[in-house]
Amino acid sequence: RDSVEIMVKKLGEDHLEVAEMVLRLGKTCAKLHSPDEALMYFEQARMTKQQHLGDSHYKVAEIGWEIGKAHVAKKEFRESLECFQTYLRARRSAMMEDDEIVSDVLFAIGNAEYELRELEAARQSLASALTLYRVLCGDEHVSVANTLYTLGLVYDSKQEYKESMKYHKEAFRLRRRVCGPDDLSVAESLECISTLYFSSSSSSPPSSDNNNNNTINYHNKAVQSMKEALRIRTLVLGKDHVLVGSSLYKLGVIFSNNPQELDKAMECYQVSLKIRRKELGDAAVEVAQTLHNIGTVYAKQQDYEAALSHWRRALVSYRESGHSDEDHLVAVTIGNINMAESFLEEQADSNH
């Protein structure tokens, strides 16, 4: 900031060299996770460059690339998408060669489209990014792995689960090779693979011995994959990290689907709850979800008083986190509370 002030006094605030310094200041703010401040400096730099170079110059659009990334940090994906698309058009209008920056822009466009649930557009943008990354960087590159992973997310949202599994497994294998077996990105891929196996185990109809065997096989693979993700996150982040709590929660969900593993589910949920309370506080939706699921395990074990207690605590956490009673998660908890209260009242009447 001091350097900018000195340059402004020397050259004037509308000088191109001042704009470059302001742009660098914005990039520094972005790295320090201050997107609002970064946006202020980026806009200031863009206005100055527009005065000197015109609206359509690619150097002006280049600042839009930085503005777009700042909007992503604020989860403003519509604004980010417009910035990325404008930058890509400006580069191609200037007949600039497709390079790794273009790959990054295509990836960013696809990711923004995914967040906006423009899924077919996202698939096309990410496929273009993947092709270009492979041409420029080779098949064994982390950017290729990350694009494969995001394509897996897109296909999952499109409910094309076989395609999703294919891309997630390819991303997992590549991340292991490129980043190492204990990298957090490997855990990220394993978690997605586990979730897909779990969905397969939950949706397989138990109409034959073959289907039953498939269900057990998918369940075991879901557990194995989530346990490995948990191991990596615990190793890298420590046992009290919020992502460890997330993996424990998801492992509890898998265990709770098997009546023989409810004790394991309860153990995972209890440890997850402890981590989430410590890291996020009681007024967090993650705490509410964990309390709700603990209540559900108690209900499956026919301990309805304990279930009711945890569902009531979950309801308090949901409301404190800002969720209204019309929210689906809250409505389900309220429905469970009403059913448990009715059941316990009927039980008390029958005992009398």
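Visitor: Hi! How many Å apart are the mean positions of the positive and negative charges of the protein chain?
Guide: They sit 5 Å apart, taking 42 positive and 53 negative charges. Lys and Arg count as positive and Asp and Glu as negative, while His and the chain ends are not counted. Each charge is placed at NZ of Lys, CZ of Arg, CG of Asp or CD of Glu.

Visitor: Okay, and what kind of model is this?
Guide: It's a predicted model, where local features need pLDDT of at least 70, side-chain atom pairs count only at pLDDT 80 or more, and totals for chains, interfaces and linings use all residues. Residues are numbered from 1 along each chain as its sequence is written, and side-chain values use heavy atoms, leaving out hydrogens and water.

Visitor: What's the mean pLDDT of the protein chain?
Guide: The mean is 91, and 93% of the residues reach 70 or more; pLDDT is the predictor's confidence in each residue, from 0 to 100.

Visitor: Where is confidence lowest, and where is it highest?
Guide: Helix α1 (residues 2–11) is lowest, with a mean of 61, and helix α8 (residues 142–157) is highest, at 98.

Visitor: What does the C-alpha trace span?
Guide: About 90 × 45 × 35 Å along its principal axes.

Visitor: And how much of the chain is buried?
Guide: Of its 352 residues, 42% count as buried. Buried means under 20% relative accessible area, exposed is over 50%, and partly exposed is in between, with a 1.4 Å probe and protein chains only.

Visitor: Let's pick a helix. Which residues of α3 are buried?
Guide: Pro 35, Ala 38, Leu 39, Tyr 41, Phe 42, Ala 45, Thr 48 and Lys 49. Their cover includes α2 (16–31) and α4 (58–73).

Visitor: How about α16, what do its buried residues pack against?
Guide: They pack against α14 (285–300) and α15 (304–320). Among the buried residues of α16 are Val 330, Ile 337 and Leu 344. This helix runs over residues 328–351 and reaches 35 Å from its first C-alpha to its last, close to the 34 Å expected at 1.5 Å a residue. The expected span is 1.5 Å times one less than the number of residues.

Visitor: Switching to Phe 84, where is that?
Guide: Phe 84 is in helix α5 (residues 77–93), and it's buried, at 1% relative accessibility. Leaving aside neighbours within four places, its contacts include Trp 65, Val 72 and Ile 109. Its C-alpha is 8.8 Å from that of Ala 61, which is 23 residues away along the chain.

Note on methods:
Helix = DSSP H or I, 4+ residues; strand = E, 2+ residues; numbered from the N terminus. Contact = heavy atoms within 4.5 Å.
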